[in-house]
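Work through the exercises below with the sequence and the model side by side. Each task is followed by a solution in steps.

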Amino acid sequence: MHNSLDTRERRGVRNTHNIVSIIFLSLVALMGLSLSIALLIKNASLQRQEDAVQSELDALNAEGYYTEAEAKELIEEVKLETEESTKNSIRAMIQEKLENGEGATSAIRSLFPDQIVVASSGRYYFFPIRDDIEKHGFSESDFEVGEDGFLDYVGDDSTVTVKNGIDVSRFQGSIDWEKVAKAGVDFAIIRAGLRGTTEGKLLSDDYFVDNVEGAIENGIDVGVYFYSQAVNEEEAKEEVQIILDLIEPYDIKYPVVIDIESAESDTARTAKLTTDEYETVAKTFCEMVKQAGYKPMIYGNVKSFTLLMDAVDVDDYDIWIAYYGLPMYYPYHFNIWQYTSSGRIDGIDGDVDLNICITDY
C-alpha cells in the first residue's frame with residue numbers, strides 16, 4: 001500500500017517538473033519569436049527610411065542640387081560677385097556725388113555714418129561718434145535756408161527758437177549797424193583781438209570799439225571773441241585779460257569766446273601743440289572768463305574738436321561750431337552754428353559770417 005503511494009507521488013512530481021519545463025520552454029520560444037518579429041519590423045522600418053532618403057537624394061539630384069563641394073564652390077563664386085557688386089555700387093555712389101558737385105570729403109563721410117571723418121594735410125582721420133557726449137538731436141531736415149539768406153529752423157520741436165547773428169572783425173570795415181539791425185540781425189559776436197601766428201604779438205581789433213558801440217546802440221546783443229594762438233596757460237591768461245579790459249565798459253550779453261583753429265602753416269607757433277596743450281589753453285581761458293562773471297565759449301570747426309581737442313574734454317563749455325552746408329555734420333551739442341562765411345547783409349560791404357543761436361543768452 002505504502003509502496004504504491006510513494007510511486008504515485010514520485011510520478012506526480014516528475015509530471016509537475018515536466019509541465020514546468022514545457023511552460024518555461026514555451027515562454028522562451030515565445031520571447032524569441034517576439035524578438036525576431038521586432039527585429040524584422042525594425043529592419044523593415046530602417047529599409048523604408050533608407051529608401052525614402054535615397055528617394056529624396058535622387059529627387060534633389062534630379063532637381064539640380066549640388067554636392068557639398070559643389071555648394072562651397074558656388075558660395076565662393078557668390079561672395080566674389082557680391083564683393084564686386086558692392087565695390088561697383090560704392091564707386092557709382094561716389095562718382096554721382098562728385099558729379100553733383102560734392103567734395104571728396106563729403107563723399108567719403110557718407111560711407112562712414114558712425115564716425116567723424118576729418119581731412120587734414122592730405123590725410124583722412126576717423127573718430128568714432130561717442131555715446132558719452134550729448135548730441136544736438138536735430139535731423140537732416142530740421143533746417144533750411146530762407147529767401148532772406150538766413151538759416152531757419154523748420155522742425156516740429158516747439159521749444160526750439162533760433163536767433164540770427166553775425167560775427168565781424170576789421171575785415172568787414174565800417175559797418176552801418178542801423179541797416180544791419182533792420183536786416184533782421186539779433187546778435188553779433190565781435191572780434192576783440194588776436195595773437196600773431198608766428199611771433200605771438202597781441203593785438204586788439206582796429207574796429208572793436210566802433211562795432212561794439214554801433215551794435216549795442218541799435219539794439220543788437222553783443223558777444224566777443226579772441227583769435228588765440230596761445231601755446232600755454234600764461235599766454236591764455238594774457239588773452240583773456242585783454243578782452244576783459246576791452247569789454248569792461250559795455251553790456252556783453254552773449255559769450256566771451258576763444259577761437260581755437262589750426263593755423264595752416266608749418267611756421268605757426270601752435271603747429272606743434274598737442275591735444276593736451278590745446279585743451280589747457282581752452283580751459284584756462286574759459287575758467288578765467290567764468291571767474292570774471294561772463295559766459296565762456298569755445299569756437300572751432302570739426303577739426304578743432306577732433307584733431308586739436310577731444311570733444312569730450314571740453315564738453316562742459318558752450319560750443320560755437322563752424323560748419324558750412326546742410327545738413328549739420330558735427331554730431332555733438334552746440335549753442336551757436338556758423339553756417340556760412342559768404343553771407344550778405346544790408347549795411348555790410350562784402351561777405352560776412354552768418355550764425356544762428358539756439359540758446360537764450
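Two strands count as paired if DSSP finds at least two bridges between them. The model used here is predicted.

**Exercise 1.** Find how many bridges join β1 to β2, and state which residue is the bridge partner of Val117.

Solution. Start with the strands: β1 covers residues 115-120 and β2 covers residues 123-128. They run antiparallel, and 6 bridges join them. Within β2, Phe126 is the bridge partner of Val117. Next, look at the connection: the two strands form a hairpin with 2 residues between them. Ser121, in the turn, has a positive phi of about 55 degrees.

**Exercise 2.** Decide whether Thr284 is buried or exposed.

Solution. Locate Thr284 in helix α7, residues 275-291. A residue is buried when its relative accessible area is under 20%. Thr284 has 13% relative accessibility, so Thr284 counts as buried. Lys237 is 47 residues away from Thr284 along the chain, yet their C-alpha atoms are separated by 6.9 Å.

**Exercise 3.** Describe the salt bridge between Glu287 and Lys290.

Solution. Side chains of opposite charge can pair when their charged atoms come close. A salt bridge requires a nitrogen to oxygen distance within 4 Å. For Glu287 and Lys290, the distance is 3.4 Å, N to O. The two residues are separated by about one helical turn, because they are 3 residues apart in helix α7. Glu287 is partly exposed at 30%, and Lys290 is partly exposed at 43%. The structure holds 13 salt bridges.

How values were computed. Residues are numbered from 1 along each chain as its sequence is written. This is a predicted model: local features need pLDDT of at least 70, side-chain atom pairs count only at pLDDT 80 or more; totals for chains, interfaces and linings use all residues. Side-chain values use heavy atoms; hydrogens and water are left out. Helices (H or I, at least four residues) and strands (E, at least two) are DSSP runs, numbered from the N terminus. Buried means under 20% relative accessible area, exposed over 50%, partly exposed in between (1.4 Å probe, protein chains only). A salt bridge is a side-chain nitrogen of Lys or Arg within 4 Å of a carboxyl oxygen of Asp or Glu.
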